[in-house]
Amino acid sequence: MRARDKAAVSALRGTLAALDNAEAVPAEAVPRAGALEASPVGAGATEAARRELGEHDVVGIVRAEASERLEAAAQLTVPAHAARAERLRAEAAVLLRFLDVADDTPDDVAADAWTR
């Protein structure tokens with residue numbers, strides 16, 4: 001991000017927002033208000049625990065974000081939108097690089113670290 005790669009920053013911010021949304025508490029899990037005397041009292045009494053995503057869930061969300069960008073780029077066929085389509089493809093490439101690293105085994109990652 002220090003290199004000011006706008007495509008990478010945009011892709012990562014969008015994906016982080018998608019992950020944050022996926023961790024949100026489902027609306028049907030939130031208790032509805034009832035009688036005032038039955039309402040929770042105290043600091044944090046109305047807080048709800050967020051969902052925890054597993055590695056498989058995170059990979060699925062990142063893959064979905066990359067495919068959304070590639071599909072949107074494919075739909076931009078007008079020459080006036082060529083720059084936007086190229087940026088979407090660049091964002092998808094950033095996300096797909098993360099998936100390539102996630103698909104590597106721990107031994108592959110360690111070997112790659114030694115070659116750098």
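Is Glu86 buried, partly exposed or exposed? Keep the question in mind; the tour comes back to Glu86 at its last stop. The model on screen is a predicted one.

**Whole chain**

Start by showing the chain as a cartoon. The chain holds four helices and zero strands. Followed from the N terminus, its elements run α-α-α-α.

Now switch to a surface view. The accessible surface of the chain comes to about 9,000 Å², and carbon and sulfur atoms account for 56% of that surface. Of the 116 residues in the chain, 20% are buried.

If your viewer can draw contacts, show those between residues at least 6 apart in sequence. Among these contacts, 72% join residues at least 24 apart.

**Helices H1 and H2**

Select residues 6-22, which form helix H1, and residues 55-75, which form helix H2. The axes of H1 and H2 come within 10 Å and cross at roughly 130 degrees.

Next, show side chains where the two helices meet. On the H1 side, select Ser10, Ala11, Gly14, Thr15, Ala18, Leu19 and Ala22. On the H2 side, select Val58, Ile61, Val62, Glu65 and Arg69. Coloured by type, the residues of this contact divide into seven nonpolar, three polar and two charged.

**Val25**

Move on to Val25, which lies in the loop between H1 and H2. Its relative accessible area is 27%. Buried would require a value under 20%, and exposed a value over 50%, so Val25 is partly exposed.

Val25 and Glu52 are 27 residues apart in sequence, and their C-alpha atoms are 9.9 Å apart in space.

**Glu86**

For the last stop, select residues 82-103, which make up helix H3, and find Glu86 within that helix. Here is the reply to the opening question: Glu86 counts as partly exposed because its relative accessibility is 47%.

Glu86 and Ala73 are 13 residues apart in sequence and 7.2 Å apart in space.

Key:
Residues numbered from 1 in each chain as written. Predicted model: local features only at pLDDT ≥ 70, side-chain atom pairs only at ≥ 80, totals over all residues. Heavy atoms only, no water. Axes fitted to C-alpha atoms, helices over the stretch in contact; angles between N-to-C directions. Contact = heavy atoms within 4.5 Å. Nonpolar A, V, L, I, M, F, W, Y, C, P; charged D, E, K, R; others polar. Buried < 20%, exposed > 50% of the residue type's maximum accessible area, 1.4 Å probe, protein only. Areas by Shrake-Rupley, 256 points an atom, 1.4 Å probe, with all protein chains shown as cover.
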